[in-house]
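These notebook entries record what I looked up in one structure.

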Amino acid sequence: TKKRDAEQYALAKFFSAAKRLLTTGATFGAGFRIANAIRDTLHTSIASGSFLPFVDTAKGITQVWRKSDDYIALMASGGGFSQGYLDSGDPKALKRSVDKIIEREGKGARGKILDTPRAALAFWERIGHASEMAARTQLYSNLKAKGETHLDAAYKSRDLLDFALSGQAGAVRMVISVTPFLNARMQGLDRLVRGAKEDPRAFLTKGALLTAASLALWAGYKDDDRYKELEDWEKWQYHHFWIGDDHYRIPKAFEVGAIFSTLFESAANVMDGQEDFGHFTDMLNHTLTQTFSIGLPAAVMPGIEVFANKSTFTGRNIESVWDQNTPAGLRQKPWTPEILKAIGEETNISPLKLQHLLRGHMATFATMFFTVSDALYGMSNERPQTSLAEFTGLDRFVKERPGSTKYATRFYEFADEVAQTASAVKYYREHNDPVTARTLAEENKDSLRFKRYTNQVRLWVGRISQQEKAVWRDETLDGSQKRAKLDSLRRQKNAIYQRAYERVYAK
């Protein structure tokens, strides 16, 4: 029994450590912290009747950074959090956070000088804490100004998203301890429902304002080709607008955004004739399986995706059909980290799947590791130029160059379906079952007639991919020249995919 208990404890610690590693990596980057502040301001404005979005968040950041009297009072009352996504409901983690604060504050001015990596990390944690506590702190101040007592204001501020809540059921607490962001998702839904019950009129009024703003932005860009080509998941996760050629994306608050923005935007796309009804049902499925989903433990989810060869978030294959035609150890892209290419050649493990696995477990930390390892490992030629937004992780908000489009995703979905059907027909013919072969061919004749065309499109795109690889390997080009050529080749690819999509779906 003691041995079994020890094994169970060790297994629980392993799963919890995997969750903590992924959560820490995901929340460490600047992109997450800015997105988190944006989502907090939208969630707070809907869930509470005493908060002005964005304006009050800016005020709250100032209060947290300056350690105002209201911020100190809120933290002292237990109404605040430090690293809530990481340490929710963990007394030992709370003790570590308090010890860090005591140690840092005890150093006085000396502790404010960024003269060591540890000091720089502490400064970065302070920025993250400010983004996490901004909405709560300003809400506390607003409620106090309206006459609420200290305890009532502190409670309502903490209740926006109470990370310490985890339910009484042992099974629920266990699942929360091993699944990244699950507690935040459950508390967000719970708070949203309670907010609707407490003041239905205010809840619906604010939700309607968000819907109106979302549809106004949608109406401004719905006929823009740049909006039309966006992948579905991008439309569901972000608000989009353009200034010149630069593409800006504002993250949607998870629950609030799904209900009051994405739902109505997707319906509008269908009603406007830009999408078929499948787009709307796909949105509902994405919302239930991603935004509102329980998910799987961090220790196993990346491995399952690698085994299935598909990202559950984007729906894309990790390795393409073309990649799978080469030995596993050589399945790589020109931009695959050099250290993974070397590991693949030595072990015959796919660098693409290994890269996905590491990112799935480490998030931002994996990207940092790849960047440093490439610099240390050395490269034979210069990499394409990287923009400041890409280097800092802020490219999730500002897109300065072309990327993948929905036309590519939908073409490959169709092409793979055609290839699988054609293979099934061939199989039955070769195994002396002509009746089944004819029936299958007849039922799918509308799609099978595109078999030759889809193969031709794959060939065209493959040739451009070879040109991209040649650009990456070209030692005569500098980084800016490579970036310009690669962007041009990406636009050519996107144009081919769009023509293919329009031809196939016009059938």
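**Entry 1: Ala363.** I found Ala363 buried, at a relative accessible area of 18%; buried means under 20% relative accessible area, exposed over 50%, and partly exposed in between (1.4 Å probe, protein chains only). I located Ala363 in the loop between helix H18 (351–362) and H19. I noted a positive phi near 55° for Ala363, a residue other than glycine.

**Entry 2: basis of the values.** I am working with a predicted model, in which local features need pLDDT of at least 70 and side-chain atom pairs count only at pLDDT 80 or more, while totals for chains, interfaces and linings use all residues. Residues are numbered from 1 along each chain as its sequence is written, and side-chain values use heavy atoms, with hydrogens and water left out.

**Entry 3: the chain.** I recorded 25 helices and three strands in the protein chain; these are DSSP runs numbered from the N terminus, helices being H or I with at least four residues and strands E with at least two. Of its 507 residues, 43% count as buried. For contacts (heavy atoms within 4.5 Å) with a separation of 6 or more, residues 24 or more positions apart account for 66%.

Entry 4: I looked up Lys67, which is not a glycine and yet has a positive phi of about 55°. Lys67 is in the loop between H3 and helix H4 (69–76) and is partly exposed, with a relative accessible area of 34%. In helix H3 (residues 55–66) I checked Thr57, which counts as buried at 7% relative accessibility. Beyond neighbours within four places in sequence, Thr57 is in contact with Ala37, Thr41, Phe51, Leu52 and Ala134.

**Entry 5: H24 and H25.** I examined helix H24 (residues 451–473) and helix H25 (residues 479–504), whose axes come within 10 Å and cross at roughly 175°. Axes are lines fitted to C-alpha atoms, for helices over the stretch in contact, and angles run from 0 to 180 degrees between N-to-C directions. H24 is therefore roughly antiparallel to H25; angles over 145 degrees count as roughly antiparallel, under 35 as roughly parallel, 65 to 115 as roughly perpendicular and the rest as oblique.

**Entry 6: nonpolar cores.** I took a nonpolar core as a set of buried Ala, Val, Leu, Ile, Met, Phe, Trp, Tyr and Cys residues joined through side-chain atoms within 4.5 Å. In the largest, of 26 residues, Phe411, Leu448, Tyr453, Val457 and Tyr497 touch the most other members. Helix H21 (406–430), helix H22 (434–443), H24 and H25 each supply at least two residues of this core, and H21 gives the most, with eight. Leaving aside neighbours within four places in sequence, I found Val457 in contact with Phe411, Ile496 and Ala500. A second, separate core of 13 residues includes Val64, Tyr71, Leu74 and Leu139.

**Entry 7: H10 and H14.** I noted that helix H10 (residues 182–198) and helix H14 (residues 254–271) pack at about 55°, with axes 9 Å apart. H10 and H14 are therefore oblique to each other. From H10, Ala184, Arg185, Gly188, Leu189 and Leu192 make the contact, and from H14, Glu255, Val256 and Ile259.
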